[in-house]
Amino acid sequence: MLAWDLGRADWRTFRVDRLRPRVPTGPSFTPRDLPEEVVAAYVSRRVSSAAWRYTAATP
């Protein structure tokens, strides 16, 4: 799932298998423009890079 995080002021990805359903009780939100036109590509890049703290290039 892709969502805007107010605390970080940035887009975040969330694993849906780790979410618990909740009944909304707070205010509604203002829709934002998506970070890219192809959301699947954006999420794929974010998820693949988030799993690794360091990356290395091969010679």
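The following dialogue explains how several terms apply to this predicted model.

Guide: This is a predicted model, in which local features need pLDDT of at least 70 and side-chain atom pairs count only at pLDDT 80 or more, while totals for chains, interfaces and linings use all residues. Residues are numbered from 1 along each chain as its sequence is written, and side-chain values use heavy atoms, with hydrogens and water left out.

Visitor: What makes Trp4 and Trp11 an aromatic pair, and of which kind?

Guide: Rings of Phe, Tyr and Trp (its six-membered ring) pair if their centres lie within 6.5 Å; planes under 30 degrees apart count as stacked, over 60 as edge-to-face and the rest as tilted. A search of the whole structure finds one aromatic pair. Trp4 and Trp11 form an aromatic pair at 5.5 Å centre to centre, and with 80° between the planes the pair is edge-to-face.

Visitor: How do you know that the side chains of Arg12 and Asp5 make a polar contact?

Guide: A polar contact is a pair of N or O atoms within 3.5 Å; within protein, one must be able to donate a hydrogen and the other to accept it, and residues adjacent in sequence count only if both atoms are side-chain atoms. The side chains of Arg12 and Asp5 make such a contact at 3.1 Å.

Visitor: Which residues does Arg12 touch, not counting residues up to four places away in sequence?

Guide: With contact meaning heavy atoms within 4.5 Å, Arg12 touches Met1, Leu2, Ala3 and Asp5. The C-alpha atoms of Arg12 and Met1 are 8.2 Å apart, although the two residues are 11 apart in sequence.

Visitor: Why is Ala9 called exposed, and what is its phi?

Guide: Ala9 has a relative accessible area of 52%, which is over 50%, and therefore Ala9 is exposed. Its phi is positive, about 55°, although Ala9 is not a glycine.

Technical notes. Buried < 20%, exposed > 50% of the residue type's maximum accessible area, 1.4 Å probe, protein only.
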